Amino acid sequence: GVDENYQHLPLVKEYARQLHVTSRYLNLLCPQALGRPVNRVISQRLIAEAKRLLLFTPNTEAEIAAALGFADPSYFSKFCRNQTGQAPGEYRQSIP
């Protein structure tokens, strides 16, 4: 499932392969079962973990990016901004 693999399987096709279905079929099933697209499920799990790590660890943004499977810290920053409206550092600073 997503909770066990989100750090290592960021792509829909990798989840589909594990489930022995096509990406297209998984994309059709997920909204019916979960009410949202599979890529949104994966993104929501990644951002939840990113927020947790930003709030509760002293790890740098680059370390958190690597832990979440992002090869490029700048892509992690863009991903966070896209998902939350804030860069990782901004999010970390916004929480007292």
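Is Arg45 counted as buried, partly exposed or exposed, and at what relative accessibility? Arg45 counts as partly exposed, at 21% relative accessibility; buried means under 20% relative accessible area, exposed over 50%, and partly exposed in between (1.4 Å probe, protein chains only).

The model is predicted: local features need pLDDT of at least 70, side-chain atom pairs count only at pLDDT 80 or more, and totals for chains, interfaces and linings use all residues. Residues are numbered from 1 along each chain as its sequence is written, and side-chain values use heavy atoms, with hydrogens and water left out.

Three salt bridges are counted, a salt bridge being a side-chain nitrogen of Lys or Arg within 4 Å of a carboxyl oxygen of Asp or Glu.

| Salt bridge | Closest N to O |
|---|---|
| Glu49 and Arg45 | 3.7 Å |
| Glu49 and Arg52 | 2.6 Å |

Arg45, Glu49 and Arg52 are linked in a network. Glu49 and Arg45 are four residues apart in helix H4, so about one helical turn separates them; helices are DSSP runs (H or I, at least four residues), numbered from the N terminus. Glu49 and Arg52 lie three residues apart in H4, also about one turn. Glu49 is buried at 8% relative accessibility, whereas Arg52 is partly exposed at 39%. In the remaining pair, Glu90 is partly exposed at 37% and Arg81 is partly exposed at 42%.

Ser43 is also in H4, which spans residues 38-56. Ser43 is buried, with a relative accessible area of 15%. Beyond residues up to four places away in sequence, Ser43 touches Phe79 and Gln83, contact meaning heavy atoms within 4.5 Å.

How values were computed:
Helices (H or I, at least four residues) and strands (E, at least two) are DSSP runs, numbered from the N terminus.
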